[in-house]
Structure formats: structure tokens, C-alpha cells
Amino acid sequence: MKFETLTIHKGNQITDKNCPVVQPITLSTTFEHGNEGGVLYTRASNPNRNSLEEVLAAMEKGADAAAFSSGNAAGTAVYQALEPGSHIVAPDDMYHGLHNSMIQLFAGVLEVTFVDMSDLEAVKNAIRPNTKLFWVESPSNPLLKITDIRAIAQLAKAQGAIMACDNTFATPVFQNPLDLGADIVMHSSTKYFGGHSDILGGALITKEKNTFWDKIRTVQRVGGAVPSPADCYWLTRSIRTLAYRMKGHAEHAMILAEFLLNHPGVEKVYYPGLKSHPGHAIAASQMSGFGGMVSFTVKGSAEDADRVVSKLKYFINATSLGGVESLIERRAAVEGPNTLTPQNLLRVSVGLEHTDDLLEDMDQALR
């Protein structure tokens, strides 16, 4: 099946004798012993979660998938599966929630070195004898840095380490890290998979079922940070339109990025689809599209950036991304006092409104 077809059919497992066109929500927490599906208890498995995990694995071309209650829970499960004393090489520009998970929840248990993952020499210099995980985020959040996934995968293989890639910004519509050498792909399914800013979720997809994946499955089952049947149902439904929504997000993001590039009120634009982006060539070699996220710095201070946000009508000042509506925020204000993000940087999740309205609104705010 082509991508658009599998997103519609792979997550729709009909077991109801009435043969509904759409799989119903199975809310039961417990199931009769000896049933044909082998389902016992919803924390361990559920028909809706099984369907969601099947379509997730198919989209990322993986052997298996594990759904979690949030993106943070998914990423943290990878860290939990590592042996104590393991060393992680991670991006200096990455989602702050997973950054905080590394340094707060696993302080004294795991070692972490944060480097510019777009600089291959810096990554090589960060490797230690006990390096067990290379964590990649490409494009990164919020500076849209591009990491050469193939090159990092080769380093991980030579080290005998796991390479995991946060593919939230790109989605499998535009990038398949497992095809590029990654071992595990992570998603915050809250974002583009959900697509409407109303579902919380996370996911991990593995290239092969192995001992490390067994540990992740144990964390999922025993730890219990799993999505509800209803959340799995709504995620599976939203994934059906993912391919078409992403094409719109990427088209609109490129239009906005090119507009901002030439605007007198803008200092710098971060979008890998622009030829001026330092990672454009690598992005073009591993992505079929450049996603719906754009960041830019306003000429002036943090206060000037805040004023721009306050004047916008169609861009909502809110955290998160991937919904049909456009969102914007001054990212440094959200990330806190230790952030490396420029204080005058605005991160935009470009929505599916008409671009004429978006450009007019952005222009009046910047002026």
C-alpha cells in the first residue's frame, strides 16, 4: 500500500460482528480469559491501541510500535531501557521537555553530553567508551537544525550503540529515519498525528524486535503510561488525513518563510526548505518535504518580539504545534532561564488557514 492508503486502512481492525466501517472504541479495562485476540487487561493491550500501533509501525516502516500517553513518556521510556551508567550524546537544541527528562529524572543514573548534532566532528568528540545512545532530533526544536541521520547512524553502529530519532517535526510523510539507519523513531503524537490540538500521546517505533525493544515494551506495560482507548481511536482517525494535512502545512510554511526572509522587520529565518539554511542540502537528501515549522528572530529585543505576538489575529500565542490552526510563541520565555534559544526568536506552527490571511496578519504585526 502507498502511504495515503495504509494510513486509512492499517489502523482499522474490525472485529465487531455487525461489521461497522469504522472500528469502535473498546472501553473495557478487562477481558474474558481465553478470548481470540489474547487481550487480558487494557494497560497491557487494547484493541484500539493495537490498531494504533499497527498503523504507526507501518507509517515508519518499522517492525513494531509502542504507544504512550505523551511524547515525554515515549522518550523517557528509551532512557529507562538503558543500563545505569550509560552515556547519551544528545542535541544542544532539542525539545526542552525531553532535555529536562534527561538531566532531572536521570541525574546520577545516566550521563549526557549535549552537542551541536549538525557538527559531525563535535558528535565524534563527544563519544565515550560507555556511550550507549545517540539521540537525534531533525529538524530540531526550535532552531530547525538538520542532523545527518545516516552519518550519526554509522557512528552509532561503530560504537555498538542505539540511535534514536525524534521525527515529530518531519513526520513519516516527509522522513523515514529507520530507512536512514536509525534503530528507533520517536514521536509526540500530540502534534501532527493528532493534528487538531486535542489529543495527548507519544509513540516509539523500532526497526527490529530485539532485547532493547523488549525492555521498552516492559517499561510501557509495567510503567503503565499508555493512552486511553478513546485517545487511540481519535489518533487513528486523525492519522487518516495526515498525508494531506502535512502537504498543506509544508506548502504554507515555505510561503511564510520566503515572506519573512524579505521582510524588513525580520532579522533571521530558520526553515530547512530555504536554500540559505545551512542544513538545506542534507535536509533535501533525507526529506521529501520540509515540514510545517518556521522560526524567526524579530529585529530588536524580547519585548519587541512580544509586541509582534500581541498584534497577531490569526496566529494564537500558545505552546505546542501541529494543529490546523497557526500557533506562535516566544520560545525562550517557555523554555526558562537556562535556554540557549535567542530571546527574540518566535517559533511558528504554520496552520492550514489561507496564506493570504496569514501573510497579511504577519505583515501588519511586524510593521
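## Lining of the largest cavity

The residues lining the largest cavity divide into three nonpolar, six polar and two charged, where Ala, Val, Leu, Ile, Met, Phe, Trp, Tyr, Cys and Pro count as nonpolar, Asp, Glu, Lys and Arg as charged, and the others, Gly among them, as polar. They are G11, N12, V22, Q23, N48, S51, C232, Y233, T236, R237 and R240. Two or more of these residues come from each of α2 (47–59) and α9 (229–239), and α9 gives the largest share, four residues.

The volume of this cavity is about 80 Å³, and a search of the whole structure finds four cavities of 30 Å³ or more. A cavity is a set of points, on a 1 Å grid over the protein atoms alone, where a 1.4 Å probe fits but cannot get out, and lining residues have an atom within 4 Å of a point.

## Basis of the model

This is a predicted model, in which local features need pLDDT of at least 70 and side-chain atom pairs count only at pLDDT 80 or more, while totals for chains, interfaces and linings use all residues. Residues are numbered from 1 along each chain as its sequence is written, and side-chain values use heavy atoms, with hydrogens and water left out.

## Packing of α3 and α4

Helix α3 (residues 71–80) packs with helix α4 (residues 96–105) at an angle of about 45 degrees, their axes lying 10 Å apart. That makes α3 oblique to α4, since angles under 35 degrees count as roughly parallel, over 145 as roughly antiparallel, 65 to 115 as roughly perpendicular and the rest as oblique.

In the contact (heavy atoms within 4.5 Å), G71, N72, G75, T76 and Y79 of α3 meet G97, L98, S101, M102 and L105 of α4. The residues of this contact divide into four nonpolar, six polar and no charged.

How values were computed: Axes are lines fitted to C-alpha atoms, for helices over the stretch in contact, and angles run from 0 to 180 degrees between N-to-C directions. On a 1 Å grid over the protein atoms alone, a cavity is a set of points where a 1.4 Å probe fits but cannot get out, and a pocket is an open set with protein on both sides within 12 Å along at least five of seven lines; lining residues have an atom within 4 Å of a point. Grid points are joined across faces, edges and corners, and a volume is the space filled by probe spheres set on the points.
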